[in-house]
Amino acid sequence: MAKESSVKHILLVPDGMADRPLDELGGKTPMQVARKPNMDYLATNGQVGIVHTIPPGMDPGSDVAAMSLLGYDPRKYYTGRAPIEAAAMRIPLDAKDVAFRCNLVSSDGETMIDYSGGHVSTEEARELITLVNEKLGNGRISFYPGVSYRHIMVWRGGSPDVKTTPPHNIIGKPIKGYLPEGDGDQLLRGLMFDSLDLLDDHPINRRRRGEGKPPANMIWLWGQGFSLNLPGFFAKTGLTGAVIAAVDLVKGLGVAVGLDAPSVPGATGYLDTDYEAKADYALDALRERDFVLIHVEAPDEAGHNGDIDAKIEAIESVDKLVLGRLLDGLKGVKRFRILVVPDHVTPISIRTHAEDPVPFALFSSFEPGDGSVPFDERAVEETKLRVEEGFRLIDLLLESS
Ligand SMILES: [Zn+2]
């Protein structure tokens, strides 16, 4: 056990929880409607503020936002999405390596039919990507199988200066206008079309077609960047810690800064995730460590689906099953702080992320709060506690007392 006087620090991130007012909810937001007694307790006995997690001009992605929340300025450290996922998959990258996200997609060579290859299974995908690596890989190009349609390609000595497009943004569109363009585009296009020749008539895809499923018959390369070069969390803060997350974008950041990142059984990243397991793993991590980041994807997923009821339910589940269980488990701990903050808004009305500032609630078990502002989007108007640069928010959680 860590020494008794040490402070435990908990950063709870309900992904995409914040929203915008909805006519269907009488002008209220899901956060305002959801029953969240534990979050409200933290707010009433702590402080509520707002934070800008997305630096101006950057994409409001979960990777950018999570980097801010962990205390790293994305303007300085963000290199792309693929290097973070490569870190989660523990793929070693040298300084001159460029990692690309490699989707298995469904395409006839002209149209992007499905960005996920019909949610191809991990076993099928492993066989397909292994074949792609055997036939198209070489001393400079390597393919690493991941989960379902999500894989990584590493181009040693490659170029990140090429425009690529996320395949989920071009579903049903002709791929012609969205192929890689810029430094190295011919090599990348060659790999993508060669993979179609290689995979289209593969027995796995013949079987998938026979079962009425979309084939996973082409690779699509995007999200590239040089490897992450982040100062370690311990070196920066003097604290040991862990990240509890199902999604590689968040887990990879944890791995990249030297946090432990246990795999939580049942943590799916979707609405059926095992919320309680996350709380239990977090409590377990805190026995030996000072800091834990708990990321819950479900509210974001509901936002992307445009499902108001599911979003409210996800918020209530985070409150009861994650936060409630955490607070129960912390009863014997004298000194702890909890920061609850969504990484970004995922408004139901637009079904994607946006860069609006988000509310946060900060609670300390041993310091007084002010309790004057409700923990929801109204804080944007009502609070005086405003953090303009998101990467500075963690200082409020970690400041020595
Ligand atoms: Zn997110």
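Modeller: Ser6 is in the segment before β1; strands here are DSSP runs of E with at least two residues, helices are runs of H or I with at least four, and both are numbered from the N terminus. This is a predicted model, where local features need pLDDT of at least 70 and side-chain atom pairs count only at pLDDT 80 or more, while totals for chains, interfaces and linings use all residues. Residues are numbered from 1 along each chain as its sequence is written, and side-chain values use heavy atoms, with hydrogens and water left out.

Colleague: Is Ser6 buried or exposed?

Modeller: Ser6 counts as buried, at 16% relative accessibility. Buried means under 20% relative accessible area, exposed over 50%, and partly exposed in between, with a 1.4 Å probe and protein chains only.

Colleague: And what is Ser6 in contact with, leaving aside neighbours within four places in sequence?

Modeller: Asp290 and Arg335. Contact means heavy atoms within 4.5 Å.

Colleague: What does the charged end of Arg335 sit over?

Modeller: The ring of Phe366, 4.5 Å from its centre. For that, CZ of Arg or NZ of Lys has to be within 6 Å of the ring centre and within 35 degrees of the ring normal. Arg150 does likewise over the ring of Tyr149, at 5.2 Å from the centre.

Colleague: Switching to rings, how many aromatic pairs are there?

Modeller: Six. Rings of Phe, Tyr and Trp (its six-membered ring) pair if their centres lie within 6.5 Å; planes under 30 degrees apart are stacked, over 60 edge-to-face, and the rest tilted. Tyr41 and Phe363 are a tilted pair, because their centres are 5.7 Å apart and their planes sit at 45 degrees. Tyr41 is in helix α2 and Phe363 in strand β13, so the pair ties together parts 322 residues apart in sequence.

Colleague: How accessible is Tyr41, and how about Phe363?

Modeller: Tyr41 is partly exposed at 43%, whereas Phe363 is buried at 7%. Together with Phe336, these two form one aromatic cluster.

Colleague: Now the metal. Which residues are the protein donors of the zinc ion?

Modeller: Asp15, Ser62, Asp343 and His344, with donor atoms 1.8 to 2.5 Å from the zinc ion. Donors are N, O and S atoms within 2.8 Å of the metal (3.2 Å for Na, K and Ca), and water is not among the atoms, so sites may look incomplete. Asp15 and Asp343 are 328 residues apart, and both are buried.
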